[in-house]
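Here is a short report on side-chain pairs and local geometry. Take a look at the model before reading on.

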Amino acid sequence: MASDTVTRRLEQVRAALSGLRARLPGLLPSRVAGWILGVYAASFLVLVLGMAGITENRRGLVEAKIVSLSDQAEFLANVLAEAAIPEEASEPVLDPVAAREVLSRLQTLYVPDETRALIHTPGPELVADSSFIAGEIEQSVLPPPGVAPDEDAHPRGLFGRAEEAIGRLFASPELRALLDRSREAEVTAALETAEPQSGIRRAPNGARIVSVTVPVAPIKAVVGTVTYESYDLEALIAAERYSILPYIAIAGAVMMLGAILLTRSIARPIRRLAGAADKVRRAGGRRVELPDFSGRKDEIGELGRAFTGMTNALYDRLDAIESFAADVSHEIKNPLASIRSAAEILPIAKDPEKRERLIRLIEHDVKRLDRLVTDISNASRLDAELSRETVGRIDLKALLTDIANLQRRDARREIAVTVDAAPGLMVAGHEGPLSRVFLNLVENAATFSPEGGQVRVSARRAPGSQGRVRVVVDDDGPGIPEENLQSVFERFYTKRPEGAAFGGHSGLGLAIVQQIVTAHAGRVWAENRTGPDGARLGARFVVELPGAD
């Protein structure tokens with residue numbers, strides 16, 4: 001039975017430790033935060049241990065001092081009860097002269113240095129003082145002119161005042177009452193209660209005094225008190241303060257080492273990244289070598305990798321813009337050159353048939369130029385549209401059905417478009433751009449399909465990939481040459497089937513498809529449908545997108 005209980009306890013402890021390990025990433029959200037918290041926690045721990053040691057030493061010091069003073073005061077009180085109370089008196093009374101004589105005889109042995117012994121009779125009235133007997137004169141600094149003596153009762157420095165304020169803040173009400181208690185109050189309490197009184201109180205000059213007052217009571221009546229005051233507590237506390245210096249030095253060294261490490265591991269890499277960002281800004285599009293933090297596994301490494309990726313994406317975008325501008329310029333020059341040649345020949349052409357053919361050529365090239373400008377404008381605005389539109393959940397079956405219906409209404413040839421999509425397929429994305437993806441693919445497939453052909457659109461879960469959706473668009477056309485399976489997605493690729501009108505397409509449709517799919521964290525590729533004999537039966541375009549189930 002006991003072994004079963006122990007086993008259950010061990011299992012509970014293991015479960016608790018496992019839960020703590022699982023929650024640690026949330027408690028320490030980052031490696032950098034762990035570094036900072038660890039360094040300063042270590043420094044704080046060193047200070048706490050040092051303060052705890054000093055506090056414990058001070059508490060033991062005060063207790064030992066009170067025990068020592070109590071022994072001395074009780075011894076002197078017992079001697080006074082035997083030697084300073086007249087036997088012939090009707091009631092026990094402390095003889096002041098005898099009390100001073102006893103104190104004078106015992107002062108050398110039982111009143112150490114930095115200690116003061118005082119004897120009071122009821123009243124209370126001071127009858128003997130070891131300082132006066134030894135010929136010492138109590139000295140105190142007078143307050144400035146016009147200042148009452150109790151207005152400057154604690155002429156201590158700023159550090160002393162701050163220490164006293166903090167000590168009072170954490171002290172108990174009883175301890176605060178003892179600190180504020182005067183010598184007369186302590187003696188009065190001992191006379192009234194017939195119990196010894198002890199504690200730490202303040203002298204008029206603000207110094208801390210360990211004080212013990214013991215009643216002199218030969219039978220039951222209290223005839224006086226013996227007070228022992230020790231004035232060396234401040235010196236002992238000062239020595240204890242010096243003992244904390246090693247702790248402070250260790251804590252300071254830990255903090256400085258931590259600051260250096262944090263500077264090297266955080267501030268310097270961030271400064272290097274900032275300098276690299278400034279170089280990129282001033283480079284004017286030229287590539288700048290970036291600092292490599294790929295080896296780091298903390299947030300600085302993540303920041304460096306993100307900065308490198310962002311900068312490379314910026315360079316790629318600049319290269320793409322430059323390439324796009326060159327392609328646009330080349331594509332626009334062709335219809336413009338054709339229009340200029342036709343316009344130059346038209347005035348000198350005398351044959352009406354040739355003039356009509358030149359006019360139709362100009363109209364065709366103008367339409368071609370207009371289509372190019374429109375498609376180029378749409379392609380250039382695509383990034384802005386993707387950034388402005390809201391990402392939502394899109395029902396893929398409904399979207400593909402609407403596109404198929406639109407293609408059937410707008411088709412100039414008898415091309416059948418069928419949709420076979422599994423219900424409940426949802427993707428996350430921008431509905432407008434994704435509609436353009438599948439519309440471009442269906443129109444492209446319809447263009448290559450022969451008269452009476454069929455375009456088949458299907459949507460299923462992507463095999464072997466978690467949460468991804470695959471859309472396949474098949475046609476009955478001639479297929480795609482193997483060497484062009486990648487180049488069909490390049491801008492201005494316009495290789496059309498035989499018999500298609502020249503200039504009827506801008507060659508941007510599939511490039512736009514690839515750009516939109518890539519922006520949605522998907523991929524698109526082209527392949528051929530083949531029969532058992534290896535002959536091409538048509539082209540196939542496949543789009544994979546992340547699902548939104």
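## The aromatic pair

F489 is buried, at 6% relative accessible area. This is a predicted model. F541 is buried as well, with a relative accessibility of 4%. A search of the whole structure gives one aromatic pair. F489 and F541 form that pair, edge-to-face, with 6.0 Å from centre to centre and 85 degrees between the planes. F489 sits in the loop between β10 (468–474) and α15, and F541 in strand β12, so the pair ties together parts 52 residues apart in sequence.

## The β11–β12 hairpin

Strand β11 (residues 523–530) pairs with strand β12 (residues 536–546) in the antiparallel sense, over eight bridges. The two strands form a hairpin with five residues between them. In the turn, G534 has a positive phi of about 85 degrees. R523 stands opposite E544 in β12. R523 and E544 also belong to a network of salt bridges, linked with R468 and R470.

A salt bridge joins the side chains of E527 and R540. E527 lies in strand β11 and R540 in strand β12, 13 residues apart. E527 is partly exposed, at 28% relative accessibility. R540 is partly exposed too, at 26%.

## Salt bridges

The whole structure holds 14 salt bridges.

| Pair | N to O distance | Location |
|---|---|---|
| E101–R105 | 2.9 Å | helix α3 (residues 96–110) |
| E356–R360 | 4.0 Å | helix α11 (residues 352–380) |
| E527–R540 | 3.7 Å | strands β11 and β12 |

E101 and R105 are four residues apart, about one turn of helix α3. E101 is partly exposed at 40% relative accessibility, whereas R105 is exposed at 63%. E356 and R360 are separated by about one helical turn, because they are four residues apart in helix α11. E356 counts as partly exposed, with 40% relative accessibility. R360 is partly exposed at 46%.

Helix α15 covers residues 509–519, and its buried residues are L510, A511, I512, V513, I516 and V517. A521 follows α15 and has a positive phi, near 60 degrees.

V222 lies in the loop between β4 (208–216) and β5 (224–230). Beyond its neighbours within four places in sequence, V222 is in contact with P122, L191, A194, P215, V216 and A217. V222 and P92 are 130 residues apart in sequence, yet their C-alpha atoms are 8.5 Å apart in space.

Terms used
Residues numbered from 1 in each chain as written. Predicted model: local features only at pLDDT ≥ 70, side-chain atom pairs only at ≥ 80, totals over all residues. Heavy atoms only, no water. Pairing = 2+ DSSP bridges. Contact = heavy atoms within 4.5 Å. Buried < 20%, exposed > 50% of the residue type's maximum accessible area, 1.4 Å probe, protein only. Phe/Tyr/Trp six-rings, centres within 6.5 Å; stacked < 30°, edge-to-face > 60°.
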